[in-house]
Amino acid sequence: MKIMKKQIDLRSDTVTKPSTAMKKAMMAAKVGDDVYGEDPTINELEALAANMLGTQDSIFCASGTQTNLLALMTHCERGDEYIVGQHAHTYKYEGGGAAVLASIQPQPLDFEEDGTLNLEKVSQFIKPDDIHFANTKLLCLENTQAGKVLPLDYLEKAKKLADNNRLSFHLDGARVFNAAVKLKVNVKEITKYFDTISCCLSKGLGAPVGSVLCGSKKQIKKARRWRKVLGGGMRQAGFLAGAGIYALLNNIERMEQDHINALALAKGLSEIKDIHINMKIVQTNMVFADINADMFNLCNFLKQKGVVIGTSSHLRLVTHLDISKDDIDYTIQTFKDFFTSND
Ligand SMILES: *Cc1c(COP(=O)(O)O)cnc(C)c1O
């Protein structure tokens with residue numbers, strides 16, 4: 001029988017499988033009906049996440065799409081507007097949920113090369129109080145943004161701008177721990193500027209499901225109501241929260257290895273003349289590469305050798321806890337084999 005090597009899946013850090021230790025934590029979770037507020041493991045996770053991110057409270061949700069939407073719904077009402085990046089998840093990758101489900105209008109602006117929003121441009125797009133305009137209520141940032149870490153002094157300036165204009169301030173921190181690990185700071189040094197923070201447990205942290213929204217007691221109370229309305233009230237979901245607790249307690253510091261692996265991958269692939277990588281933006285666990293090759297052939301070749309990548313020629317490769325240093329070496333060699341076999 002042919003034994004298939006394990007797959008090296010570089011499409012996303014969402015593909016991780018729970019480790020044996022994580023599964024043990026899940027199976028040991030005490031559960032109850034969370035809609036009644038009676039799931040002890042969910043309550044523990046929500047307290048832990050709030051404590052770690054430095055907010056009064058938090059709420060456990062099915063996905064980051066849901067936590068972001070809930071944040072928008074706690075800050076904005078029908079006819080209000082949020083300022084957001086053109087390629088931000090909260091604008092581009094969430095099915096237009098803010099508009100579809102909450103009657104909130106986005107004001108998208110191009111991200112700068114470093115993943116920030118130009119604050120002068122943001123100022124220009126804050127609308128005056130005039131019946132012609134939607135009410136600008138909220139500024140949203142993303143960190144990391146396509147693997148890039150926003151500078152702390154930028155966050156401080158953005159917070160000032162939000163305060164001066166009475167805007168709420170939300171962070172899509174799906175990968176905020178990657179940013180904190182990269183900067184070697186406590187995550188609170190990032191989150192302290194924001195009113196609400198959404199953080200994914202299911203990405204680099206390695207949990208199978210879930211995100212948390214962190215904020216004040218008042219905001220989280222409001223979010224809890226909207227989560228129920230959206231059908232997101234789960235019952236004995238403590239088994240999932242058990243994975244989240246395990247992730248927050250065990251899988252943060254190790255992200256540094258993902259960053260080291262991403263850098264090694266980027267360096268190795270840069271040696272191939274048909275691959276172009278801007279090394280400046282390889283900051284955390286993501287590598288973006290422009291590839292001059294037939295992507296269909298490349299993907300198939302790699303797949304046969306056990307390496308899974310996306311099919312776009314503007315390729316995104318993501319490292320995570322199921323990718324080892326050996327996997328990186330093997331991946332680089334496999335890419336090289338493809339390009340030499342095609343010379
Ligand atoms: C993955 C991600 C989310 C949330 O995605 P879900 O798949 O809904 O959990 C939000 N923002 C960013 C930047 C993401 O990468």
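Modeller: Between domain 1 and domain 2 there are two salt bridges. The model is a predicted one, and the distances that follow are computed from it. One of the salt bridges between the domains can be followed at the level of atoms: Glu256 is paired with Lys184, and their closest N and O atoms are 3.3 Å apart. This separation falls inside the limit of 4 Å used for a salt bridge, and therefore the pair is counted. Polar contacts between domain 1 and domain 2 amount to six residue pairs, in each of which both residues have a pLDDT of 80 or more.

On the side of domain 1 that touches domain 2, two elements give two or more residues each, namely helix 12 (255–270) and strand 10 (286–291). Helix 12 gives the most to this side, with three residues. Sorted by class, the side of domain 1 that touches domain 2 comprises seven polar, five nonpolar and five charged residues.

The extent of the two domains gives this meeting place its setting. According to the domain assignment of the protein chain, domain 1 is made of two segments, 8–15 and 254–341, whereas domain 2 covers 31–250. Helix 12, at 255–270, therefore falls within the 254–341 segment of domain 1, as bounded by the assignment. The C-alpha centres of the two domains are 29 Å apart. Where the domains meet, 17 residues of domain 1 are in contact with 18 residues of domain 2.

The accessible area lost when parts come together is often used to express the size of an interface. For domain 1 and domain 2 the buried area is about 1,500 Å², and 53% of it lies on carbon and sulfur atoms. Within domain 1, the residues that lose the most area to domain 2 are Asp13, Met255 and Gln283, which together account for 37% of what that side buries. Of these, Asp13 belongs to the 8–15 segment of domain 1, while Met255 and Gln283 belong to the 254–341 segment.

To sum up, the meeting place of domain 1 and domain 2 holds two salt bridges and six residue pairs in polar contact, and about 1,500 Å² is buried between the two domains.

Definitions and conventions
Residues numbered from 1 in each chain as written. Predicted model: local features only at pLDDT ≥ 70, side-chain atom pairs only at ≥ 80, totals over all residues. Heavy atoms only, no water. Contact = heavy atoms within 4.5 Å. Buried area = accessible area lost by both parts, 1.4 Å probe. Salt bridge = Lys/Arg side-chain N within 4 Å of Asp/Glu carboxyl O. Polar contact = N/O pair within 3.5 Å; in protein donor to acceptor, adjacent residues only side chain to side chain. Helix = DSSP H or I, 4+ residues; strand = E, 2+ residues; numbered from the N terminus. Nonpolar A, V, L, I, M, F, W, Y, C, P; charged D, E, K, R; others polar.
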